[in-house]
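Trainee: Please take a close look at the aromatic side chains of this model, and then follow the backbone around them. I would like the geometric criteria stated as you go.

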Amino acid sequence: MPIDLHDGDLPDGLDLKALARDGAVAIDTETMGLNPHRDRLCLVQLSPGDGTVHLVQFRKGQYDAPNLKRLLTDPDVTKLFHFARFDVAVMQAYLGVVCQPVYCTKVASKLVRTFTDKHGLKDLVKDLLGVELSKQQQSSDWGAVELTPEQMKYAASDVLHLHDLKEKLDGMLAREGRTHLAKACFDFLPARGELDLGGWEQPDILAH
């Protein structure tokens with residue numbers, strides 16, 4: 001699994017769009033915590049689905065990243081996430097971009113895997129792909145100046161399997177006649193992220 005670490009942005013000349021499998025680039029983020037108003041964005045992981053992973057590390061307050069922003073807002077590239085609601089919101093907060101179009105494997109799983117309440121990435125990868133993911137580095141210090149090899153491997157694993165998951169889930173969505181419903185949910189996710197940033201995460205504006 002080739003992993004390339006970049007400081008502050010994707011390098012000039014790296015065309016992930018051209019490499020994107022089925023027009024999608026898998027993306028994840030690492031932050032200092034789960035509150036985007038307090039916990040800064042530290043890392044963005046990307047994979048075009050060819051087995052390679054690119055990590056973009058951000059220093060505090062340095063979020064220019066024009067090449068990354070161009071990819072995130074490209075209407076011809078599907079941004080493939082697991083739990084897109086958080087990632088889309090935190091990138092809007094720190095990078096100032098609205099990611100569209102998006103696909104979320106967590107939402108897709110909830111729509112078709114109604115026989116279980118386990119929709120985390122670790123469970124999904126194990127159940128659908130037969131792969132065991134390690135989560136040992138999940139709570140490590142992502143704001144560190146130098147990332148450890150273990151952190152980099154963990155970060156890469158979070159995007160490495162998303163294309164295969166999407167393929168499996170797309171088949172299940174079609175089988176159950178819920179593809180249109182999934183797309184409607186995906187289209188709403190950028191607005192859902194903006195609502196979270198605006199203070200409507202709890203209570204949920206759609207709740208009773």
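Mentor: Helices and strands are DSSP runs numbered from the N terminus, with helices (H or I) of at least four residues and strands (E) of at least two. The model is predicted, so local features need pLDDT of at least 70 and side-chain atom pairs count only at pLDDT 80 or more, whereas totals for chains, interfaces and linings use all residues. Residues are numbered from 1 along each chain as its sequence is written, and side-chain values use heavy atoms, with hydrogens and water left out.

Searching the whole structure gives four aromatic pairs, where ring centres of Phe, Tyr and Trp (its six-membered ring) must lie within 6.5 Å, and planes under 30 degrees apart are called stacked, over 60 edge-to-face and the rest tilted. One of the pairs joins Tyr-103 to Phe-186, whose ring centres are 4.5 Å apart with 40° between the planes, a tilted arrangement. This pair bridges distant parts of the chain, since 83 residues separate Tyr-103, in strand β6 (residues 102-104), from Phe-186, in helix α8. Tyr-103 and Phe-186 are both buried, a word that here stands for under 20% relative accessible area, with exposed over 50% and partly exposed in between (1.4 Å probe, protein chains only).

A further tilted pair is made by Trp-142 and Tyr-154, because their planes meet at 35° while the centres of their rings are 5.8 Å apart. Here too distant parts of the chain are linked, with Trp-142 in the loop between α5 (121-129) and α6, and Tyr-154, 12 residues away, in helix α6. Trp-142 counts as buried because its relative accessibility is 2%, and Tyr-154 counts as buried because its value is 7%. Elsewhere, Phe-58, Tyr-63 and Tyr-94 come together in one aromatic cluster.

Asp-64 sits in the loop between β4 (53-57) and α2 (66-72) and is exposed, because its relative accessible area is 64%.

Phe-83 belongs to the loop between β5 (78-81) and α3; a relative accessibility of 40% is why it counts as partly exposed.

The backbone of Phe-83 deserves attention as well, as its phi is positive, about 65°, although the residue is not a glycine. Most residues other than glycine have a negative phi, and most peptide bonds are trans. Asp-22 is another non-glycine residue with a positive phi, near 55°; its place is the loop between α1 (16-19) and β2 (24-31), and it is exposed because its relative accessible area is 68%.

As for the peptide bonds, the one from Gln-100 to Pro-101 is cis, with omega near -10°, and Pro-101 is placed in the loop between α3 (84-95) and β6, the strand that holds Tyr-103. A cis bond likewise joins Gln-202 to Pro-203, where omega is about -5°, and Pro-203 lies in the segment after α8, the helix in which Phe-186 is found.
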